[in-house]
Amino acid sequence: MVLRPSERFEKMENPAAREIFKMLDLPGVISFAGGFPSNDSLPAREMEMLAGEILARDGTGVLQYGPVAGYGPLLENISAWLQKSKKITAAPAEVLITSGSQQALDLIGKLCLEEGDLVAVEEPTYLTALQTFNSYRVRFLPIPCDGEGMQVDVLEKSLAACRPKFVYTVATFQNPTGVSLGVDRRERLLRLAEEHGFHLIEDNAYGDLCYEGEEPPALKSLDRKGRVVYLGSFSKIISPGLRVGYMVADRETRAKAAVVKQVLDVHTSNLSQRIVCEFLSRGCLEPHLENIRAGYLRKRDAMLEALKRHLPRQAEWTRPRGGFFIWVRLPGAFDSGKALPEAILRGMAFVPGKAFFTRDGGQNSLRLSFSGSTPEQIHRGIEILGGLIRDYGW
Ligand code: PMP
């Protein structure tokens, strides 16, 4: 007898998320669907060596339960890394290790969301964040985006009539559009948070993957009044399989979040935490980042070039300076949801734009991830997409 799912579950379900994972394994299909790091960026050899050394040195410490908030030396390393790479000042006691930043989103939901709360989000936004917040039965305040990210003036106008509990933003190299919030808009958003008394949840999963120009300043680095809860992750820059992410907040919020963390899963895997810790302690992250950025830049350029060559003139797409994603908008009647099955039959896959919207919208858009394919696959996959669009007269 099947357990009857709750209303919370019904709200959480999003078929698009399931489809993304399915599309990864389709034989013979070039998939631009998943926001996954490329297999050749995963440092398997180093991990094998570190895991062996860590277990040999302190097997009991690894295999026993550990502290809820995280492994002490890792908290210190993250604090130092944030200072160095993001100019974010955060004491180790303000950092909480989470099992990926995905868990931090849920943890925030459990910590502070009540049914009916208003959550402002960029539109389009990270679809799993929508699923997570939806499971707390919130209402969304979708804020449209343009080439400089969230239109903060639209948010400002809405604030005359309502106050969100928080604004969730992937301000840098956004998922799904690849665009970044302009610096002036960052300042304005922070001032609004101060003036209107809401928080910002800054999800910075892609900030370290900057391929061109300067990495935009993290909102947290500009935050003088403690309005920003910052989420970081090692998934895109070391390995998503290790499941190590973190949340940075004031001490009191962090202590409360630790209570939720303990209820959720006691603590994040000791072995994973120590592997990441050693990787940072030994100074491996910076050379590794340089290496993988160079690979992703080649892929991004390959995709931009292929789009120019194969897509019709009326198509528009973003030109991300970092991260994994390009957002494509096609003219008029194009329906990316209807086009996907045919695209898969022809040998390529993407995520239809609708999945990233709170309600309607995005039908003529799609998200392409260049991270997981080779430049040759990228050229071939985009050629297939271009052919499909032409054949259907879209
Ligand atoms: N936030 C964003 C914007 C993401 O794109 C992702 C991964 N797709 C995550 C959070 C979750 O990543 P993880 O839980 O692996 O850290």
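This is a predicted model: local features need pLDDT of at least 70, side-chain atom pairs count only at pLDDT 80 or more; totals for chains, interfaces and linings use all residues.
Rings of Phe, Tyr and Trp count as a pair if their centres lie within 6.5 Å.

**Entry 1: aromatic rings.** I searched the whole structure and got 10 aromatic pairs. Which residues do ring pairs link into a cluster? I found Tyr206, Tyr211, Tyr296, Phe324 and Phe325 there.

**Entry 2: Trp327.** I looked next at Trp327, which sits in strand 11 (residues 325-329). With Phe356 it makes an edge-to-face pair, 5.8 Å centre to centre and 80° between the planes. Phe356 lies in the loop between strand 13 (351-352) and strand 14 (365-369), 29 residues away from Trp327. Trp327 also pairs with Phe357, this time stacked, at 6.4 Å and 25° between the planes. Phe357 belongs to the loop between strand 13 and strand 14 too, 30 residues from Trp327.

Buried or exposed? I checked Trp327 and Phe357. Trp327 is buried because its relative accessible area is 4%, under the 20% limit. Phe357, at 16%, counts as buried as well, and so does Phe356.

**Entry 3: the ligand.** I counted 13 residues around the ligand, with Ser101, Asp203, Tyr206, Ser233 and Ser235 the closest. By class, I noted four nonpolar, six polar and three charged residues. Helix 5 (residues 100-112) gives the largest share of this shell, three residues.

A ligand nitrogen is 2.9 Å from a side-chain N or O atom of Lys236, and a ligand oxygen is 2.9 Å from a polar backbone atom of Gln102. Taken alone, the ligand exposes 400 Å², of which the protein buries 92%.

Key. Residues are numbered from 1 along each chain as its sequence is written. Side-chain values use heavy atoms; hydrogens and water are left out. A residue is near a molecule or strand if one of its heavy atoms lies within 4 Å of it. A polar contact is a pair of N or O atoms within 3.5 Å; within protein, one must be able to donate a hydrogen and the other to accept it, and residues adjacent in sequence count only if both atoms are side-chain atoms. Accessible areas come from the Shrake-Rupley method with a 1.4 Å probe; for residues, only the protein chains shown count as cover. Helices (H or I, at least four residues) and strands (E, at least two) are DSSP runs, numbered from the N terminus. Ala, Val, Leu, Ile, Met, Phe, Trp, Tyr, Cys and Pro count as nonpolar, Asp, Glu, Lys and Arg as charged, and the others, Gly among them, as polar. Rings of Phe, Tyr and Trp (its six-membered ring) pair if their centres lie within 6.5 Å; planes under 30 degrees apart count as stacked, over 60 as edge-to-face and the rest as tilted. Buried means under 20% relative accessible area, exposed over 50%, partly exposed in between (1.4 Å probe, protein chains only).
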